[in-house]
Amino acid sequence: MHARERVARNLAAAFLADAWTSRALLKQAATVLGRRARTLQRRLVAELIEATPDDYPPSPDWLVAFLLRSHPFNQASKNRRGAHVVLTPPRFAPAERFASLDVPKLATPGDLAQWLDISIDQLDWLSDARRQQGRTDIPVLQHYRYSFVPKRNGPPRLIEAPKPKLMAIQRRILHAILDAAPVHDCAHGFVAGRSCLSAAQIHAGEHVVMTVDLKDFFLNTRMSRVHAIFRSLGYPWALARTLTGLCSASTPMSVFARLPPAQRHDWLTQKIYQAPHLPQGAPTSPALANLAAFRLDMRLAVLARAYGAHYTRYADDLAFSGDHAFATKTSAFLTAVESITHDEGFLLNSRKTRIMRRGGCQRITGIVVNDHVNVPRTAYDELKAILYNCRKNGPDTQNRAGLRDFRAHLEGRVAWVEQVNALRGQRLRRIFDEIRW
């Protein structure tokens, strides 16, 4: 192979490894051909963009043939010997444990743009390749709509809801790619076939139950791990970076200025939000957080087994349970949990740690687990009273929150009780069916 052909093949591989835009192509041309002859490189990129077939990006062979025919390339590559090793274009190459997954086999940002049926410029914009979202204060230029939900303690929770175009893209990534990736057996939140009920059932009837809360679960999920997830699924570095950008958000500091000063998050938290993070409100965030916590789940499951205990995680709620012997070791066990959690890049909210022994009420994600899973008595009595008053005085007298579909709201609560405790649920269902709507 002649030196000029080696240079052409290396340049073709470099072009195909990046976004198919003039800016990206010029950057790769300078990397391979050197920073001299910039005028020739600009002419080369302009000719390439104009000649690119409709089904971009072109094949490596087409691109090499084009370069060898190009006068600007021949001039710019004079005296360029090129590396003796010929680079190959990026390819879809999953890790061994993911090799059998049925996911789209994409290799370049151009492939991703075609799969999403958008232009490469739109892909560049929606993935925030230039990191502009964390700085823009103009709502029409922002990819997310921001709102705050009050919490019992501390500043309100920030909800970042993607706008329709990005929402549709994230849903496609979720269903076609992320849903195929297996999560740890101990993860029960946002997993098909599992729920907070399935998690609670594992801890029913134990002598002691311990719950621990992860602080700012989505916010503290590292983007390097999200990128590594896409890389492990088979996507080359540049494409994994684009997918990570599509699933992350960078919040402008001006968003927090909408809050009264007394309710604002501290400066450090605002800066963390300004950096790329998993947004609470994006459909991809729960799946990515579950996958990013795989090592955490694996290590905590091994720790729990070593102590003769059970372990489950429902989103950011960690639960452990065990017998009398485990109850005597809770202090040392919590220290080990905190060490592993910190080592995996997460933080514990120590104020929400609970150790519940058999003599008191043991709850996990709102479900009582003392002898068997059950609905808390107070919650059951409250719902029963509401249904009774609806039957007696009419539903409007009980809809104090002004819910738009109060019937669906109550029916959902009744269905939940039916799922946890069938006998209690049947009693509530009979009252519900007698309400005149």
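Predicted model: local features only at pLDDT ≥ 70, side-chain atom pairs only at ≥ 80, totals over all residues.
Figure 1. A disulfide needs two cysteine sulfur atoms within 2.5 Å. The structure accordingly holds 0 disulfides, and Cys 196 is in none, its nearest cysteine sulfur being that of Cys 361. Cys 361 has a relative accessible area of 44% and is therefore partly exposed. Cys 196, at 14% relative accessibility, counts as buried.

**Figure 2. The side-chain contact between Ser 321 and His 203.** Ser 321 belongs to strand β5, which covers residues 317–322. His 203 is placed in helix α9. A polar contact of 2.7 Å links the two side chains. Is Ser 321 buried or exposed? Ser 321 counts as buried because its relative accessibility is 0%, and burial means a value under 20%. His 203 also has 0% relative accessibility, so His 203 is buried.

**Figure 3. Residues in contact with Ser 321.** Neighbours within four places in sequence are left aside in this view. Ser 321 is then in contact with Ile 202, His 203, Glu 206, Val 208 and Val 209, and also with Ala 309, His 310 and Phe 326.

**Figure 4. Surroundings of His 203.** Which residues does His 203 touch, not counting those up to four places away in sequence? They are Val 209, His 310, Tyr 311, Thr 312, Ala 319, Phe 320, Ser 321, Ile 364 and Val 369.

**Figure 5. Phe 190, a residue with a positive phi.** Most residues other than glycine have a negative phi. Phe 190 is not a glycine, yet its phi is positive, at about 60 degrees. Phe 190 is found in the loop that runs between α8 (164–176) and α9 (196–203).

**Figure 6. Ala 315, in the loop between β4 and β5.** Strand β4 spans 310–314, and Ala 315 lies in the loop between β4 and β5. Ala 315 has a positive phi of about 60 degrees, although Ala 315 is not a glycine. Its relative accessible area is 11%, so Ala 315 is buried.

Definitions and conventions: Residues numbered from 1 in each chain as written. Heavy atoms only, no water. Helix = DSSP H or I, 4+ residues; strand = E, 2+ residues; numbered from the N terminus. Buried < 20%, exposed > 50% of the residue type's maximum accessible area, 1.4 Å probe, protein only. Polar contact = N/O pair within 3.5 Å; in protein donor to acceptor, adjacent residues only side chain to side chain. Contact = heavy atoms within 4.5 Å.
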